[in-house]
Amino acid sequence: MATTTIAAPSGTDYIPVKHPFNFGRWFRATGWRHLVGAVMVIFSAFPLLYVLSASLHPGGTLITANGLFSQIDIGSYVTLFNLPQQPYAAWYGNTLLIGGITSAGTVFLGALAAYSFSRMRFVGRRAGLLMLVLVQMFPQLLAVVAIFLLLNGISDIFPAIGLDTQIGLIMVYLGGALGVNTYLMYGFFNTIPASIDEAAKLDGAGHARIFFTIILRLVAPILAVVGLLSFVGTTNEFVIASIVLITPEKQTLAVGLYQFVSQEFSSNYSVFAAGAVLAALPVMALFLWLQKYIVGGLTAGSVK
Amino acid sequence: MTTPGTERDRAQIVAAKKERQASRIAEAASAGIKVLLVKVLLLGIVDAISVYALFVLFMKQDWLVFSLVLLVTIVVNWVYFRVKGLPAKYLTPGLIFLLIFQIFVVGYSGYIAFTNYGTGHNSNKEDAVNSLILSSQERVPDSPSYALTVLEQAGAYSFLVTDPDGEISVGNPDSPLTEVNNAETDASGQAIGLPGYTALNFAEIVNNQEAIAALAVPVSDDPNDGSLRTPDGSAAYLYLSDLVYDEAAGTMTDASTGVVYTEDPSQGSFVAEDGADLQPGWKVEVGLANFAKAFGTDSIRGPLISVTLWTFAFAFLSVATTFALGLFLAIVFNDLRMRGRNVYRVVMILPYAFPAFLSALVWAGMLNPQFGFINQVLFGGAEIPWLTNEWLAKFSIIFVNLWLGFPYMFLVCTGALQSIPGELQEAATVDGARPWQVFRLIKLPLLLVSVSPLLIASFAFNFNNFNLIYMLTNGGPRDVTAGVNVGATDILISMVYKVAFVGANRDYGLASAFSILIFVLVALVSIISFRQTKALEELN
């Protein structure tokens with residue numbers, strides 16, 4: 001903005017004056033910003049480099065992890081998949097499976113609800129929207145004790161969807177599907193002009209066809225954001241997963257890795273670090289890939 | 001006589017009716033046969049599951065849940081088979097999950113807070129009596145020996161016994177001994193098999209020794225009659241309990257010491273006169289006892305107050321520090337002249353993209369007092385107790401949360417700053433405002449308007465930021481004087497988790513009482529913040 005004063009008036013033969021490089025002026029204008037940037041890059045990236053270097057140190061403990069990149073070997077990654085008590089590959093698969101199904105279900109249930117709130121007028125619509133906004137304030141983990149006892153009760157009737165089952169855990173997560181995301185989606189649905197629906201209706205399309213073949217395609221960006229945020233949220237979720245999933249083969253990465261590292265904190269560190277690097281890869285890749293959409297979605301809701 | 005007015009009304013009504021009919025036909029015609037098939041198939045699956053659940057509940061005679069399941073099934077079928085009520089068809093699937101796993105569980109927490117549910121009070125009274133009697137059983141000295149054949153049916157074991165008088169009976173831990181007369185016997189009259197069951201041979205008995213030794217088959221419906229057990233799989237002996245249960249009087253008497261334990265319905269256990277009680281007890285409603293324990297006992301009230309204060313302080317400081325750093329960085333990097341802004345930006349987003357539970361564990365390693373990078377390398381081997389000193393642990397938590405949270409605030413503030421029109425700044429500069437004044441008087445107020453709902457959301461999130469606390473310090477250092485398992489950096493939700501699920505002594509009732517407290521606090525915070533931001537008034 002400060003540069004506007006030297007902007008060239010159009011149509012004249014303006015030749016910019018070449019200032020000799022002056023370090024002091026450069027530093028005052030943008031140089032100090034690079035200094036701040038350098039400090040922040042170290043602050044942000046160092047812990048990630050640390051865990052990467054720890055994972056490449058074979059058989060390393062917490063103390064050997066301090067010699068950054070002094071040794072490079074994938075031994076810890078091999079050990080990780082051959083632990084007798086800790087089925088890391090199963091945890092990994094479970095996390096992807098539970099996260100994938102939960103985010104698909106969340107997107108679907110949320111989109112159904114957002115469609116009805118955005119396109120239909122019915123008694124209790126405003127009250128319903130209000131309720132969803134309020135429910136957002138009370139995350140499910142507050143009722144973790146009741147969820148545990150409820151699933152325990154369901155186990156007596158239906159062992160297949162009760163405690164220590166992944167279906168049970170996914171059902172619990174789907175309970176939070178409407179609360180957090182419907183409002184986010186509702187705003188986006190409202191930006192799609194209703195005249196599109198009406199045109200389709202005149203051409204003889206029913207409500208289901210309009211929803212599945214027209215609306216869902218137009219709102220794809222918000223579906224991607226909600227799906228991704230729900231996937232990341234599920235991957236990070238520890239409280240409910242840790243009380244529902246008991247058998248090691250059924251656990252997720254968050255539960256399994258925490259229990260693994262808390263048993264022998266310092267001596268298992270390089271194997272844990274290898275597990276952490278692999279666990280973070282899909283989430284970070286998705287995140288950086290969809291960065292643009294997420295930043296838009298962030299300002300509309302989700303927090304960390 | 002009809003007036004023209006009513007005639008017109010009638011015509012309108014007819015027209016409206018025709019229109020509705022036409023739209024109904026159009027709707028029905030557009031929904032193809034495939035859609036109908038899918039709908040019938042999905043409903044069929046739901047109904048099949050419900051019928052199975054209803055059958056199981058009917059067998060268990062659990063009428064409350066039975067009627068709830070029945071009601072939900074009827075509502076779901078009604079919603080999808082009627083022509084009208086389109087919004088309900090779209091809302092029902094999500095609402096069912098929401099009602100069960102988000103709204104019902106809140107009410108259920110409220111109920112549990114008024115019970116003594118927890119270790120030692122897990123089940124009903126009948127189960128407690130059986131388990132008390134079973135656990136105190138001992139072999140009756142010089143009791144007769146019953147010839148035994150262990151039978152197996154569908155994975156469950158039964159005892160086939162021949163008593164000293166030659167009578168043959170069969171029973172398992174769930175159903176007492178009953179006489180049978182179709183058993184196969186050997187030459188000596190001892191039963192060796194029963195139609196429908198498989199008799200275990202010696203090798204199978206040896207392989208399942210532990211499971212068989214744990215079996216206790218009641219002799220009759222009255223638990224006081226004792227049960228049969230076998231140490232070796234070939235002979236069973238009568239085991240009698242030291243405890244004698246008198247159902248009419250509601251007492252449990254220890255036959256060896258003569259102490260009488262009387263049933264206490266307010267505690268849910270059998271209590272002797274000197275106050276000693278028998279474990280396990282059973283689940284009863286205890287009224288406000290959990291709340292009285294939380295607020296009335298000094299060893300719990302003190303920690304509860306400090307945990308609540310720290311929860312508020314932590315949530316507030318988290319928002320304040322991350323917002324301050326994020327805003328500062330947003331201003332620093334919001335200069336078009338600067339090169340390489342995108343590189344800085346991507347690197348600074350990395351902590352946000354890294355899964356949060358892993359970040360906390362990685363930092364826990366780096367801050368480890370003996371071996372961690374911070375102490376060993378940065379402080380040259382000093383053993384600074386980052387995670388084990390009360391105040392340093394609190395500082396570490398805020399610091400690690402700053403690392404976790406500043407990228408979000410940076411992104412949000414950058415977006416908000418860029419949406420402030422440039423003319424405002426130009427106008428202010430022309431009027432002679434200095435850069436600091438431009439920022440403080442123009443940009444900051446505008447920025448706060450757009451980000452304050454997000455700051456409130458961030459506060460609410462950090463209020464329950466369980467992962468960070470639990471993974472970084474595990475709530476520690478532990479407060480040894482407290483009556484519950486709680487530490488200096490515990491926030492309310494991690495305290496609930498520890499009381500309910502960590503350690504041998506789980507107290508679901510007390511944990512739920514704490515949960516109710518969090519609900520009340522969160523509700524208060526939301527009421528205040530929604531009043532301030534008027535976010536709800538914009539709903540339409």
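**Figure 1. Packing of helix H1 of chain A against helix H11 of chain B.** In this predicted model, H1 (residues 23-55) of chain A and H11 (residues 356-366) of chain B pack at an angle of about 80°, and their axes lie 10 Å apart. H1(A) is therefore roughly perpendicular to H11(B), since angles of 65 to 115 degrees count as such. On the H1(A) side, the contact is formed by A:Pro47, A:Tyr50 and A:Val51; H11(B) contributes B:Val362, B:Trp363 and B:Met366. By class, the residues of this contact are six nonpolar, with no polar and no charged ones.

**Figure 2. Contact between chain A and chain B.** Across the two chains, 84 residues of chain A are in contact with 87 residues of chain B. H1(A) supplies 14 residues, the largest share of the side of chain A that touches chain B. That side of chain A comprises 61 nonpolar, 19 polar and four charged residues.

**Figure 3. Crossing of helices H8 and H9 within chain B.** The axis of H8 (residues 289-296) of chain B comes within 5 Å of the axis of H9 (residues 298-332) of chain B, and the two cross at roughly 75°. This angle makes H8(B) roughly perpendicular to H9(B). From H8(B), the residues B:Lys293, B:Ala294, B:Phe295 and B:Gly296 meet B:Ile300, B:Arg301 and B:Leu304 of H9(B). The contact of H8(B) with H9(B) contains four nonpolar residues, one polar residue and two charged residues.

Definitions and conventions. Residues numbered from 1 in each chain as written. Chains lettered and ligands numbered in written order. Predicted model: local features only at pLDDT ≥ 70, side-chain atom pairs only at ≥ 80, totals over all residues. Axes fitted to C-alpha atoms, helices over the stretch in contact; angles between N-to-C directions. Helix = DSSP H or I, 4+ residues; strand = E, 2+ residues; numbered from the N terminus. Parallel < 35°, antiparallel > 145°, perpendicular 65-115°, else oblique. Contact = placed C-beta atoms within 7 Å. Nonpolar A, V, L, I, M, F, W, Y, C, P; charged D, E, K, R; others polar.
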